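Take a look at the fold below.

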Amino acid sequence: MPGCSRLISLSLRFPFSRLSDNALQILSHPLPSLTFLELEFGGDSRITDGGLGMIANGLQKLIKLTSLVLGLSKTAITNESVLRLCDGLSKLPQLSKLHLSLDSCRLIEDKGIQKLAMLISSRKNLLDVSIDLKMIRLTKKVKEELSQLKSKRKFTSVSYTHLRAHET
């Protein structure tokens, strides 16, 4: 994105658009000065693992990023996306705020959420974490792990009240 090298804050919201993975290619360009990024997709969007992979790859280049707000409610992403997102987040040394909405992403399961929880628990400077996991089917074990992280004040908020836990 020519001319954006000094941009420090970017907020893009597409809650009811039919945005597809192809539109996300622009977000894979480096923005070296960015400290705040808010991306909101959902509703009718057609974001898949491929699109979130582009975002995750782009995140790795945002080494000054301190705040990330990512709304992915009702998208068709899977555990693969969450794992790639974790890889991108792990490369952000200054990240102190993470707000992530995965509400109604029904293709995400324990594996992705456990990796996300492990990443969050390992990051000492990640102080403000809010994760919306409503309508994601998780086992009781994972819900207990999330509750333990919240009790250690690792999460500012974690929502999963509408989940139906299953046994395994």
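Strand β2 (residues 36–40) runs parallel to β3, and five bridges join the two. Within this pairing, Leu 39 stands opposite Leu 70 in β3. The model is predicted, so keep in mind that local features need pLDDT of at least 70.

Now turn to the other partner. β3 also pairs with strand β4 (residues 97–101), in the parallel sense and over five bridges. Here Ser 67 stands opposite Lys 97 in β4. β3 therefore has pairing partners in β2 and in β4, by the rule that two strands pair if DSSP finds at least two bridges between them.

How many residues of strand β3 are buried? Five of the five residues in β3 (residues 67–71) are. Both faces of the strand are covered. Ser 67, Val 69 and Gly 71 are buried on one side. Leu 68 and Leu 70 are buried on the other.

Next come the helices. Two packed helices are described by the angle between their axes and the distance between the axes. For helix α1 (residues 49–59) and helix α2 (residues 79–90), the angle is about 5° and the axes lie 8 Å apart. Angles under 35 degrees count as roughly parallel, and α1 and α2 are therefore roughly parallel to each other.

Which residues meet there? From α1 come Asp 49, Leu 52, Gly 53, Ala 56, Asn 57 and Leu 59. From α2 come Glu 80, Ser 81, Arg 84, Leu 85, Gly 88 and Leu 89. The residues of this contact divide into five nonpolar, four polar and three charged.

Leu 116 brings in another helix, α3 (residues 110–122). Is Leu 116 buried or exposed? It counts as buried because its relative accessibility is 2%, and the cut-off for buried is under 20%. Leaving out residues up to four places away in sequence, Leu 116 touches Val 82, Cys 86, Leu 89, Leu 100 and Ile 131.

Finally, step back to the whole chain. The protein chain has four helices and six strands, in the order β-β-α-β-α-β-α-β-α-β. Of its 168 residues, 46% are buried. Take the contacts between residues at least 6 apart in sequence: 87% join residues at least 24 apart. The chain exposes about 8500 Å², and carbon and sulfur atoms supply 53% of that area.

Definitions and conventions:
Residues are numbered from 1 along each chain as its sequence is written. This is a predicted model: local features need pLDDT of at least 70, side-chain atom pairs count only at pLDDT 80 or more; totals for chains, interfaces and linings use all residues. Side-chain values use heavy atoms; hydrogens and water are left out. Axes are lines fitted to C-alpha atoms, for helices over the stretch in contact, and angles run from 0 to 180 degrees between N-to-C directions. Angles under 35 degrees count as roughly parallel, over 145 as roughly antiparallel, 65 to 115 as roughly perpendicular and the rest as oblique. Contact means heavy atoms within 4.5 Å. Ala, Val, Leu, Ile, Met, Phe, Trp, Tyr, Cys and Pro count as nonpolar, Asp, Glu, Lys and Arg as charged, and the others, Gly among them, as polar. Buried means under 20% relative accessible area, exposed over 50%, partly exposed in between (1.4 Å probe, protein chains only). Accessible areas come from the Shrake-Rupley method with a 1.4 Å probe; for residues, only the protein chains shown count as cover.
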